[in-house]
Every structure is written in structure tokens, then in C-alpha cells.
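These notebook entries record what I looked up in one structure, in the order in which I looked. Each entry begins with a topic and sets down what I found.

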Amino acid sequence: MTENITKDRVVVGVDGSRPSIAALRYAARIATAFQAPLEAVTVWSPPAFTDPYLVVEWTPEHDAEQVLDAAIADAFGDSPPERLTRTVLPGPAARTLIGLSRHCDTLVLGSRGHGGFVGMLLGSVSSACAAHAHCPVLIVRSGADD
């Protein structure tokens, strides 16, 4: 199955945070420079403990799709990059992105996402990906794209 996956694409992890939107913009610049497709990825995990009635009413995958769509709109307005694809995947963020890194040219991430503590320079997902990815990883700080 993996032989059909192109390795020339630039993958960017997006969680809707300001650093991830900055990473999305920067990844678009890299994809343009490399003449490569850009894949924006949002990863979701179901909550560990949930009331069964809430599960019927709430779909985390749909929420993740909305986060991704809103981030793309925030980053590019009405003009997203032509070769942009949107991907929403279940699983732990770091592990899922590290897995994707096997099949891409570059992985781009924000310096910290929504889960980061104030004052942290590097989030747990970006740190894990930088340490374990199978391709070069670029970590973008919020405001670096301005």
C-alpha cells in the first residue's frame, strides 16, 4: 500500500492554535518552493471517559474537520494553495504524525499547540516529532510567518 504514497509532499500538523496556523502558512511556502503537494493534517482522539449519551450527539472527527477548515480559512482566506489536501485522522497526535513522516519529504509543526502550557517554547507533540520523525521536521513559532 505504501508504494502508492508520494514522498514529495509537505505535511503540516494543524490543531487550530496560532502556532499551527503559522506552520500552515510556512508549509505552503515550502511546498511552493519544492513544487510539492501540501497536506494539512488534523489528528483527533476520543476522550478517555465519556457519557454514552454524549457520544451519540458528539462526533470528534466532525469537530476536527471544522478545526482544520477554520485553520485553513484563517491561514489563506478564500485562496488556499492549489495542491492542498485536507486529512483528518484518529489517534494520538505525535504517534500519528511520526507515522506520516515515513511518507513525506518534510513535516511542519507549530512550536506548541492548544495543549501547551503558557511559557513553553516547544510542545510535547512537536518535541516528540522532532526527536522521532523519519524526515526533516520544521518547527514554526507563532508570528514567524509575518
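**Entry 1. Overall make-up**

How many helices and how many strands does the secondary structure of the chain come to? I counted five helices and five strands. I note at the outset that this is a predicted model. Reading along the sequence, I found the pattern β-α-β-α-α-β-α-β-α-β.

I then looked up totals for the chain. It has 146 residues, of which 39% count as buried. The chain exposes about 8600 Å², and carbon and sulfur atoms supply 56% of that area. I also looked at contacts between residues at least 6 apart in sequence: 76% of them join residues at least 24 apart.

**Entry 2. The sheet**

In what order do the strands of the open sheet stand? I recorded β3-β2-β1-β4-β5, five strands with parallel pairing. The strands at the edges are β3 (84-90) and β5 (137-140); each has a single partner strand, so one side of each is left without a neighbour in the sheet. From one strand to the next, the twist averages 25°.

I looked up two of the pairings in detail. Strands β1 and β2 run parallel and are joined by four bridges. Within this pairing, Val10 has Leu38 in β2 as its bridge partner. Strand β4 (residues 106-110) pairs with β5, also in the parallel sense and over four bridges. There, Leu109 has Ile139 in β5 as its bridge partner.

**Entry 3. Strand β2**

How many residues of β2 are buried? I found that seven of the seven are, so β2 is largely enclosed by the rest of the structure. I next noted the directions of the side chains. In a regular strand the side chains alternate between the two faces of the sheet. In β2, Leu38, Ala40, Thr42 and Trp44 point one way, whereas Glu39, Val41 and Val43 point the other way. The residues of both sets are buried.

**Entry 4. Helices across the sheet**

Which strands does helix α4 lie across? I listed β1 (10-13), β2 (38-44), β3 and β4 for this helix, which spans residues 93-100. Helix α4 runs at about 150° to β2. Helix α5 (residues 124-132) lies across β4 and β5, and I noted an angle of about 155° to β4.

**Entry 5. Helix α1 and Ala28**

I turned to helix α1, which covers residues 18-34. Its 17 residues reach 24 Å from the first C-alpha to the last, close to the 24 Å expected at 1.5 Å a residue. The buried residues of α1 include Pro19, Ile21, Leu24, Ala28 and Ile30. What do the buried residues of α1 pack against? I recorded β1, β2, α3 (60-76), β4 and β5.

Ala28 counts as buried because its relative accessible area is 9%, which falls under the 20% cut-off. Leaving aside residues up to four places away in sequence, Ala28 touches Leu38, Phe76 and Pro81. I also looked up the separation of Ala28 and Glu82, which lie 54 residues apart along the chain; their C-alpha atoms are separated by 9.9 Å.

**Entry 6. Gln35**

Where does Gln35 lie? I placed Gln35 in the loop between α1 and β2. Just after α1, Gln35 takes a positive phi of about 55°, although this residue is not a glycine.

**Entry 7. Cysteines**

How many disulfides does a search of the whole structure find? I found zero. I then looked up why Cys104 forms none. The cysteine sulfur closest to that of Cys104 is in Cys135, at 3.7 Å, which is too far for a bond because the cut-off is 2.5 Å. For Cys129 the closest cysteine sulfur is also in Cys135, at 9.0 Å, again too far for a bond. I checked the exposure of these two residues as well. Cys104 is buried, with a relative accessible area of 3%, and Cys129 is buried at 0%.

Technical notes
Residues numbered from 1 in each chain as written. Predicted model: local features only at pLDDT ≥ 70, side-chain atom pairs only at ≥ 80, totals over all residues. Heavy atoms only, no water. Helix = DSSP H or I, 4+ residues; strand = E, 2+ residues; numbered from the N terminus. Buried < 20%, exposed > 50% of the residue type's maximum accessible area, 1.4 Å probe, protein only. Contact = heavy atoms within 4.5 Å. Areas by Shrake-Rupley, 256 points an atom, 1.4 Å probe, with all protein chains shown as cover. Pairing = 2+ DSSP bridges. Axes fitted to C-alpha atoms, helices over the stretch in contact; angles between N-to-C directions. Expected span 1.5 Å × (residues − 1).
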